[in-house]
Amino acid sequence: MNCGCSSSPLQGRHIQLKGIVQGVGMRPTVYRHATASGVRGWVLNGVGGVHIQAFGSAEELDQFEKLLHDGMPAQAVIESYYSAPLDEIPDKLPQNFSITPSDSGDGSEVFVSADLATCDSCVQELFDPENRRYRYPFINCTDCGPRFTVIADLPYDRPKTSMAEFPMCEACDREYHDPADRRFDAQPDACFMCGPQISWIDGRHTLCVNAETLEERRAQSDEVLKACCEALSAGRIVAIKGLGGFHLACDASNQEAVERLRQRKQRPNKAFAVMAPSLESIRSFAEFNHAEEQWLTGSVRPIVLLARNGKATLAPAVCNQLPEVGVMLPYTPLHHLLMHDYQKPLVMTSGNISGEPICTDETEALDKLGDIADAFLVHNRKILTRYDDSLIRLIDGELQIIRRARGLAPRALSLPQALLDQAAELGIQLKDCFAFGPEQKHCFCMTRNQHAFVSQHLGDLENQKTLQAFYEGEALYKKLFRITPQALSCDLHPEYLSRKYALRLHKETQLPLEEVQHHHAHLVACTAEHNYADRVLGIIFDGTGYAQTDADIKLWGGEIFEADWKDFIQLAQLEPLKLPGGKAAIQEPWRISYAYLTEQELLEHPGAQKFIGQLEEHKCSILQHMLKAELNCPKSSSAGRWFDMVSALLGIGLVSSYEGEAAILLEALAHTLTSKQKLALKQHKPLAQLELLAPCERKDNSTASVHSISMRPLVVAILDELAAGSSPAGIAWRFHCSFAEQIAQLAAKLAQKRNLSHIACSGGCFMNRILVQELRKQLNCQGLEVLLAHTLPPNDGGIAYGQAVCCLARQLTRVQ
Ligand code: ZN
Ligand code: ZN
Ligand code: FE
């Protein structure tokens with residue numbers, strides 16, 4: 001008790017917390033610790049973070065700070081903690097400790113947490129018949145619930161969220177203002193009487209929640225859920241409005257329903273993610289270890305790619321022959337209710353039509369998804385920003401992010417310390433940078449001071465809809481994070497919409513623009529994450545990316561670089577492949593294989609006959625024509641295309657229905673072997689030795705000469721194996737291992753020559769688990785340190801961050 005007569009004289013302290021301190025229950029936590037230690041004063045969200053002024057005796061203040069240190073909210077990320085005595089004690093001291101309304105400030109160093117999965121306490125209340133929120137589909141508290149999906153502006157307060165239109169009832173208001181309550185200051189807090197409600201739309205028939213009393217409303221809400229479960233059991237497809245957008249759902253054990261969804265969504269093969277009611281349920285079809293379990297049950301709650309266990313609990317059409325299945329547990333109260341009532345895994349795939357962003361509002365969904373979904377489960381809480389589910393997996397216990405969205409974006413990432421130190425040394429402030437990102441798996445990145453905000457995955461930037469999502473994201477990030485771009489950064493590809501937009505803005509604003517080669521951006525994203533500023537050897541295996549070069553290969557993707565954050569030297573690249581028809585060859589990898597066999601005069605090889613037998617003769621002769629006339633046959637060194645090529649040669653990936661399918665099937669084929677079979681095959685010599693061909697001099701200004709890595713021996717070896725009747729699965733496995741081993745040896749040679757100790761491996765091909773594992777093992781054997789992407793995807797989802805770091809690093813050199 002502080003009455004001014006405590007043992008030591010009254011003191012005042014100012015404490016400031018920076019980092020992820022909003023939307024995580026920071027102020028109530030501070031309040032509780034303050035009252036527990038008898039400290040008076042206030043706490044507020046303001047400029048530069050959470051500010052506290054505390055008054056009490058030295059002992060009380062020390063006790064308060066100790067409690068604060070030991071008892072931060074679970075979701076808070078404290079980046080800096082500052083505490084200093086106040087010079088003056090005001091005459092009129094506060095009577096107690098209070099939470100003062102937010103000071104809107106400039107928000108520059110305040111970060112809100114990303115959306116958080118429903119916490120355990122809320123789940124418990126959700127299923128507690130005695131609780132007034134029993135079965136309320138929008139239950140949440142200071143530890144959980146929507147954040148970025150409902151925010152229009154910072155600071156994070158209810159009037160600036162889509163909850164503004166739901167005035168709290170008396171009971172909720174009481175909790176909200178009661179510092180002892182776990183909903184104290186919880187912005188999206190609501191209940192049956194005052195908050196959002198669900199409804200059911202089935203043709204012209206609708207069910208909604210509009211009764212007077214709590215009991216009646218709950219009964220109506222349950223009717224809606226019951227209708228949804230009945231539809232799902234009947235094999236119908238339901239569009240469900242979730243946290244960051246719509247899902248299309250159907251019973252994951254109903255083969256016919258899943259097939260119908262595939263057909264209507266025009267998604268013949270690409271795997272669907274499932275939502276399962278519990279860990280036990282997941283165990284019935286997939287395996288997971290402790291680390292994977294942590295991700296499945298944590299507050300981010302992404303889709304986790306897990307190894308399937310061979311039990312046929314899920315309909316085969318869910319993920320066809322792939323060895324992994326994407327699984328998530330319920331992350332909103334609505335999902336919890338559905339899963340609890342339905343008790344079986346559901347396919348939960350993004351509610352969009354092919355190529356467009358996911359739908360976020362009812363009108364749009366009814367319009368766009370009307371031909372796919374049989375019925376709609378919707379609600380009236382607006383989704384202000386679209387978020388897909390994040391997708392992750394663990395490789396040898398290490399995180400790999402495949403799609404960074406809900407729960408992860410736009411968490412502030414740190415810019416590499418080495419870059420910040422360099423700027424500090426030069427005495428300059430880093431500019432706010434706007435990096436426009438790639439084309440596919442588009443996301444953009446904005447930086448401010450020491451932080452980078454990488455947007456959520458926005459989809460492929462190839463139509464007006466995704467472009468619109470980009471513009472909206474840009475405006476929102478500038479507003480939320482108070483960013484005024486002073487430098488721009490973009491890809492080199494002349495056809496990328498992101499580049500075209502960057503050029504336009506550059507012209508309009510005269511802001512400096514840095515152009516970053518696609519694969520250099522991949523590399524920088526990886527090394528910057530590791531704060532590795534020195535030169536590295538980069539192995540960038542990717543789909544295609546544009547290069548500005550005088551050489552005739554402008555589509556790169558199988559590159560070995562020596563690079564730092566500013567620039568790169570190309571040391572070697574995979575032997576180029578001709579892509580007859582350009583994009584068409586990416587969709588139909590058989591064209592690439594056929595073109596290669598033709599060029600290398602391997603069409604007569606006995607091992608090629610089965611492949612050729614699968615092709616249509618007239619299509620082959622058209623291809624022959626194109627090759628002879630050099631008609632639309634761009635060359636590419638892309639490693640992704642090499643995987644496609646081998647896949648088609650083995651007769652499995654002749655045509656891809658989605659990006660990377662042929663390569664994914666090739667890896668899946670290798671995984672059909674047992675570990676014993678794999679080990680036995682590893683005893684064999686590598687399929688072939690890959691060689692660095694003598695460098696050809698470049699006409700352009702690159703000083704180094706580039707080696708070509710001849711792939712012919714590997715192709716001939718594969719044909720020989722095929723001719724000898726070896727199993728395609730065995731060949732697929734040996735191809736992966738031999739390729740990784742040979743690349744590792746070449747890389748080691750180059751690293752030694754260039755005196756480099758670290759190898760950065762990035763690019764879309766590193767989503768191939770075998771390639772990651774084998775290449776790393778082999779490089780480690782050569783005594784090399786391997787850097788892999790963990791906080792951002794190795795695929796194009798990492799490009800924007802790489803562009804931003806490269807831009808800032810170059811700007812520093814310009815100043816020097
Ligand atoms: Zn909660
Ligand atoms: Zn209420
Ligand atoms: Fe790429």
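Helices (H or I, at least four residues) and strands (E, at least two) are DSSP runs, numbered from the N terminus.

This is a predicted model, in which local features need pLDDT of at least 70, side-chain atom pairs count only at pLDDT 80 or more, and totals for chains, interfaces and linings use all residues. Residues are numbered from 1 along each chain as its sequence is written, chains are lettered from A and ligands numbered from 1 in the order in which they are written, and side-chain values use heavy atoms, with hydrogens and water left out.

Start with helix α6, residues 255-265. A257, V258, L261, R262 and K265 are buried there. Buried means under 20% relative accessible area, exposed over 50%, and partly exposed in between (1.4 Å probe, protein chains only). Seen down the axis of α6, the buried residues fall within an arc of 140°, so they line one face of the helix. The arc is that of the directions from the helix axis to the C-beta atoms. An α-helix has 3.6 residues a turn, so residues three or four places apart point the same way. On the other side of α6, E256 and Q263 are exposed.

What covers the buried residues of α6? The cover includes β10 (246-251) and β15 (346-350). The N-terminal end of α6 has a cap, N254. A side-chain oxygen of N254 lies 3.1 Å from the backbone nitrogen of E256.

Strand β15 holds T349. T349 is buried, with a relative accessible area of 4%. Beyond residues up to four places away in sequence, T349 touches F246, H247, L248, L261, K265, R267 and F272. Contact means heavy atoms within 4.5 Å. L615 is 266 residues from T349 along the chain, and their C-alpha atoms are separated by 33 Å.

Now turn to the metals. Donors are N, O and S atoms within 2.8 Å of the metal (3.2 Å for Na, K and Ca); water is not among the atoms, so sites may look incomplete. Four donors count as tetrahedral if all angles lie between 85 and 135 degrees; four count as square planar and six as octahedral if opposite donors are over 155 degrees apart and all others between 65 and 115; anything else is irregular.

C119 lies in the loop between β6 (110-112) and α3 (120-126), and C141 in the loop between α3 and α4 (170-177), so the pair ties together parts that are 22 residues apart in sequence. C119 is buried, at 14% relative accessible area. C141 is buried too, at 1%.

The iron ion (ligand 3) has another set of protein donors: H518 (NE2), H522 (NE2), D542 (OD) and D796 (OD). They lie 2.0 to 2.2 Å from the iron ion. The four donor atoms subtend angles of 87 to 161°, which makes the arrangement irregular. H518 sits in helix α14 (residues 518-529), while D796 sits in the loop between β33 (785-788) and α25 (799-815). This pair links parts of the chain 278 residues apart. Both H518 and D796 are buried.

What about disulfides? The structure holds zero. A disulfide is a pair of cysteine sulfur atoms within 2.5 Å. For C633, the nearest cysteine sulfur is that of C620, 14 Å away. C633 is buried, at 11% relative accessibility. The sulfur of C761 is 7.4 Å from the closest cysteine sulfur, in C526, too far for a bond. C761 is buried at 3%.

Finish in the loops. The peptide bond from A409 to P410 is cis, with omega near -10°. P410 is in the loop between β18 (398-403) and β19 (412-414). N531 is not a glycine, yet its phi is positive, about 50°. N531 lies in the loop between α14 and β25 (536-546), and is partly exposed at 34%. E630 also has a positive phi, near 55°. E630 is exposed, with a relative accessible area of 55%.

Terms used: A polar contact is a pair of N or O atoms within 3.5 Å; within protein, one must be able to donate a hydrogen and the other to accept it, and residues adjacent in sequence count only if both atoms are side-chain atoms.
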